[in-house]
Amino acid sequence: MGNKSRGLGSGKKLRKRREQFRWNDKRFVKKALNLKKKADPLQGASQAKGIVLSKYQKEAKQPNSAMRKCVKVQLTKNGRTVGAFVPGYNAIKMINEHDEVLIEMIGGARGRSMGDIAGTRWRIIKVNDQSLNALIRGKIEKGRR
């Protein structure tokens, strides 16, 4: 038999031990100390605005062979710079430097990068307050800023 307390007044000791050993669990520590929120460039928000600094291409991971179109975005809320994926065929042509964009999490496994785009956790959803999806489909024209 193990060394677990089993008496009438053992509840307090069991609870204290459980509280103590929870700190050996990496996920619990991350949650308890708010580490995800502190490391997150969006500071816990689901979306954030930013200014496009530059456009670049990223090579897809094996076994795919493609140049994924991305942009460097400087967030307006805290000045941090993140790389964001531009989804859609020829969508990169709709975005110029100094445009204001809205980014959101791509939503891969556990909030990390998705698919074959290594290290890119964000994607663009709006350009100058206009939906990127609608711009690609030709539903709306890109507005002057």
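User: What does Ile124 touch, leaving aside residues up to four places away in sequence?

Analyst: In this predicted model, Ile124 touches Val71, Ala84, Phe85, Val86, Pro87, Ile95, Val101, Leu102, Ile103 and Leu132. Ile124 is also among the residues with the most contacts inside the largest nonpolar core, which has 19 residues. Strands S1 (47-59), S2 (67-75), S3 (81-85), S4 (100-105) and S5 (122-127), plus helix H4 (132-137), each supply at least two residues of this core.

User: Why is Phe28 called buried?

Analyst: The cut-off for buried is under 20% relative accessible area. Phe28 has 18%, so Phe28 counts as buried.

User: And why is Trp23 called partly exposed?

Analyst: Its relative accessible area is 42%.

User: What makes Trp23 and Phe28 an aromatic pair, and why edge-to-face?

Analyst: Ring centres have to lie within 6.5 Å, and theirs are 5.0 Å apart, so Trp23 and Phe28 pair up.

User: What kinds of residue line the largest pocket?

Analyst: Eight charged, one polar and one nonpolar. Among them are Lys26, Arg27, Asp40 and Arg121. Gly111 is in the lining, and it counts as polar because Gly is put in that class. The pocket's volume is about 290 Å³.

User: Which helix gives the most to that lining?

Analyst: H2, with three residues. Helix H3 (35-39) supplies at least two.

How values were computed:
Residues are numbered from 1 along each chain as its sequence is written. This is a predicted model: local features need pLDDT of at least 70, side-chain atom pairs count only at pLDDT 80 or more; totals for chains, interfaces and linings use all residues. Side-chain values use heavy atoms; hydrogens and water are left out. Rings of Phe, Tyr and Trp (its six-membered ring) pair if their centres lie within 6.5 Å; planes under 30 degrees apart count as stacked, over 60 as edge-to-face and the rest as tilted. Buried means under 20% relative accessible area, exposed over 50%, partly exposed in between (1.4 Å probe, protein chains only). On a 1 Å grid over the protein atoms alone, a cavity is a set of points where a 1.4 Å probe fits but cannot get out, and a pocket is an open set with protein on both sides within 12 Å along at least five of seven lines; lining residues have an atom within 4 Å of a point. Grid points are joined across faces, edges and corners, and a volume is the space filled by probe spheres set on the points. Helices (H or I, at least four residues) and strands (E, at least two) are DSSP runs, numbered from the N terminus. A nonpolar core is a set of buried Ala, Val, Leu, Ile, Met, Phe, Trp, Tyr and Cys residues joined through side-chain atoms within 4.5 Å. Contact means heavy atoms within 4.5 Å.
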